[in-house]
Amino acid sequence: MQMDFTSLLTSFIPSWNSVYLLVGFFGYLGISGSVLPGKVVAGANLADGTRLYYCCNGLISLLLLVGLLLVGAWMDLVSLTAISDRGLELLSTTLFFSVIVTLLLYVAGCKSKTKSASLKPHITGNIIDDMWFGIQLNPNFLGVDLKFFFVRAGMMGWLLINLSVLAKSIQDANLSQSMILYQLFCVIYIMDYFFYEEYMTSTWDIIAERLGFMLVFGDLVWIPFTFSIQGWWLLSNKVELPTAAIVANCFVFLIGYLVFRGANKQKHDFKKNPKALIWGQPPKVIGGKLLVSGYCSPVPYFYPIYLLILLIWRERRDEARCAEKYKDVWVEYRKAVPWRILPYVY
């Protein structure tokens, strides 16, 4: 037991190989994001009337990266199991990188004298609060919007981890139906994100959250290394599902995906054009800004449990913010939409 615990601790120690992998990944994202073609999308109007513009070329960047890795593996230049072979040390390396980035953002934010809405420092004086929530809304480095960059890195990192885990399971002759379903569902979700990457520009994270440890850690560590937990678990736990379970899993995923995509599309379209039709009908709106029509709305089981907690926490924060922002209009909205997340349950 002592040997196993010691070995586990040792596997968390960062290595130069994990540093090279991380630097190479970020370097590729920085270059590809700057040079590859993509749709340029205007962000939300900021407090001072300015807008940021985002080049949504994440899909082509992702496909090119996967293609380069496959060619490199075919030529014996790279190993497809490089990530799965050193998952824990990559986790600790990325965590260490997130802490460094947070410190640099804090220092840069404190020294900033700009008055623009995207870079104006918001300092509370509480160092823990300022480092956790961040000081600046949209800090950038060499012209790269870091918030948008980190979200893209997290989603791509999640897919790369999954693909490496898949390669490891094939290499170990341990490929199961459960692994195939997990990989398929994740690929659909991640590819959907990049196909509709422009929708990210109208989300709360991009338009309202400042960039601090909460988002940096969430994007670079939490998303790729926790959303992939089921894949890691299936590497050492081969689970074969009966046909009925496979059909049920596919059905539940399909329903969940359709609701997820439909709700997010309605929200994005409404923010871009408040008169856009929803299900063929004019949108029902309260106060000119609040949409009330449309959707409105153990280890392998970590992800759904985490999402439940996240959604409740986010809903509570949104509730407090909207109540303060919209006041009486929000009270009227709550009467029209009384359920917070799940109708007749919560």
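**Exercise 1. The second largest cavity**

Find the volume of the second largest cavity, and work out which residues and which helices line it.

*Solution.* In this predicted model, the second largest cavity has a volume of about 30 Å³. Sorting the lining by class then gives 5 nonpolar, 3 polar and 1 charged residues.

**Exercise 2. The largest cavity**

Describe the largest cavity by its volume, its lining residues and the classes of those residues.

*Solution.* The volume of the largest cavity comes to about 50 Å³. Around this space stand Gly43, Ala44, Leu46, Leu52, Tyr54, Asn138, Thr201, Ile206 and Ile207. Divided by class, the lining of the largest cavity holds 6 nonpolar and 3 polar residues, with no charged residue among them.

**Exercise 3. Helix 2 against helix 3**

Determine how helix 2 and helix 3 are oriented to each other, and then name the residues through which they touch.

*Solution.* For helix 2 (residues 16-35) and helix 3 (residues 58-74), the angle is about 135° and the axes are 10 Å apart. Angles over 145 degrees would count as roughly antiparallel and those from 65 to 115 as roughly perpendicular, and helix 2 and helix 3 are therefore oblique to each other. Their crossing is right-handed. At the contact, Phe25, Tyr28, Leu29 and Ser32 of helix 2 meet Ser61, Leu64, Leu65 and Leu68 of helix 3. By class, this contact between helix 2 and helix 3 consists of 6 nonpolar and 2 polar residues, and no charged ones.

**Exercise 4. Helix 2 against helix 7**

Carry out the analysis for helix 2 and helix 7, giving the angle, the handedness and the contact residues.

*Solution.* Helix 2 and helix 7 (residues 146-171) pack at an angle of about 125°, and their axes lie 11 Å apart. Helix 2 and helix 7 are therefore oblique to each other, and they cross in a right-handed sense. On the side of helix 2, the contact is formed by Phe25, Phe26, Leu29, Gly30 and Gly33, which meet Phe149, Arg152, Ala153, Met156, Gly157 and Leu160 of helix 7. Counted by class, the contact of helix 2 with helix 7 contains 7 nonpolar, 3 polar and 1 charged residues.

**Exercise 5. The second largest pocket**

State how much space lies in the second largest pocket, and find which element gives the most to its lining.

*Solution.* The second largest pocket holds about 710 Å³ of space. Its lining has 31 residues, of which Leu21, Phe25, Leu69, Ile83 and Leu160 are the closest to the centre of the pocket. Two or more lining residues come from each of helix 2, helix 3, helix 4 (82-85), helix 5, helix 7 and helix 10 (213-226). Within this group, helix 7 gives the most, with 9 residues. The class count for the lining of the second largest pocket is 24 nonpolar, 6 polar and 1 charged. Phe25 also belongs to the contact of helix 2 with helix 3 and to the contact of helix 2 with helix 7.

**Exercise 6. Helix 8 against helix 11**

Classify the packing of helix 8 with helix 11 and list the residues that meet.

*Solution.* The axes of helix 8 (residues 177-195) and helix 11 (residues 229-236) come within 10 Å and cross at roughly 165°. Because angles over 145 degrees count as roughly antiparallel, helix 8 is roughly antiparallel to helix 11. Helix 8 passes helix 11 in a left-handed crossing. Here Ser178, Met179 and Tyr182 of helix 8 meet Gln230, Gly231, Leu234 and Leu235 of helix 11, and by class the contact has 4 nonpolar, 3 polar and no charged residues.

**Exercise 7. The place of Thr124**

Locate Thr124 and give its contacts.

*Solution.* Thr124 sits in the loop between helix 5 and helix 6. Leaving out residues up to four places away in sequence, Thr124 touches Asp129 and Asp130.

Conventions
Residues numbered from 1 in each chain as written. Predicted model: local features only at pLDDT ≥ 70, side-chain atom pairs only at ≥ 80, totals over all residues. Heavy atoms only, no water. Axes fitted to C-alpha atoms, helices over the stretch in contact; angles between N-to-C directions. Helix = DSSP H or I, 4+ residues; strand = E, 2+ residues; numbered from the N terminus. Parallel < 35°, antiparallel > 145°, perpendicular 65-115°, else oblique. Left-handed = near helix turned anticlockwise from the far one by under 90°. Contact = heavy atoms within 4.5 Å. Nonpolar A, V, L, I, M, F, W, Y, C, P; charged D, E, K, R; others polar. 1 Å grid on protein atoms, 1.4 Å probe; cavity = no way out; pocket = protein on both sides within 12 Å on 5 of 7 lines; lining within 4 Å. Points joined across faces, edges and corners; volume = space filled by probe spheres on them.
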